[in-house]
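Please keep the sequence and the model in view while reading.

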Amino acid sequence: MKKILLVTFVTLLAISCGSKSKDEAIKGKWVASDIEYQMEGADKEMKEFADVMKEALIGKMSFEFKEDKTFVALMPMGKKETKGTWSISEDGKTLTTTDEKKSEDMTIVNLDSSKLALSKKDPQGTSTITFKKE
């Protein structure tokens with residue numbers, strides 16, 4: 001019985017600390033360093049458009065996640081700046097950003113002190129954006 005309680009306690013501790021450590025790791029400014037698109041059934045024109053978007057965003061798109069759980073995102077098209085709040089799910093697998101227009105969930109593929117990779121599914125397929133910490 002004591003072993004079961006100990007294992008349960010350690011598991012719960014690991015889960016609860018997991019998102020907190022990710023909360024700490026995500027804080028700071030991140031700049032897009034790579035983008036991968038997986039588009040099922042995309043024609044040549046759609047793939048070319050994805051390549052143009054990739055070139056336009058790498059090194060220019062950024063997120064800054066702040067201590068107070070707010071963020072600032074900069075999109076290079078039209079130099080658009082978006083502000084809002086962020087949170088990481090308890091299991092540490094989902095980043096949610098909320099601005100004045102919408103709330104968006106992204107899967108955390110990787111997060112450590114220097115690399116952040118986020119994945120998002122949409123009707124056209126799946127995109128994974130990798131950021132490096134600035």
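A residue is called buried under 20% relative accessible area, exposed over 50% and partly exposed in between, using a 1.4 Å probe and protein chains only. The model is predicted: local features need pLDDT of at least 70, side-chain atom pairs count only at pLDDT 80 or more, and totals for chains, interfaces and linings use all residues. Residues are numbered from 1 along each chain as its sequence is written, and side-chain values use heavy atoms, with hydrogens and water left out.

Phe65 and Phe71 are both buried. Phe63 counts as buried because its relative accessibility is 11%, and Phe131 because its value is 1%.

Rings of Phe, Tyr and Trp (its six-membered ring) pair if their centres lie within 6.5 Å; planes under 30 degrees apart are stacked, over 60 edge-to-face, and the rest tilted. The whole structure holds five aromatic pairs. Two of them are listed here.

| Pair | Centre distance | Plane angle | Type |
|---|---|---|---|
| Phe63 and Phe131 | 5.7 Å | 80° | edge-to-face |
| Phe65 and Phe71 | 6.5 Å | 40° | tilted |

Phe63 and Phe131 are 68 residues apart, in strands β2 (residues 62-65) and β8 (residues 125-133). Strands are DSSP runs of E with at least two residues, numbered from the N terminus. Ring pairs join Phe63, Phe65, Phe71, Trp86 and Phe131 into a cluster.

Which residue has its charged end over the ring of Trp86? That residue is Lys69, at 4.5 Å from the ring centre. The criterion is NZ of Lys or CZ of Arg within 6 Å of the ring centre and within 35 degrees of the ring normal.

Definitions and conventions. Helices (H or I, at least four residues) and strands (E, at least two) are DSSP runs, numbered from the N terminus.
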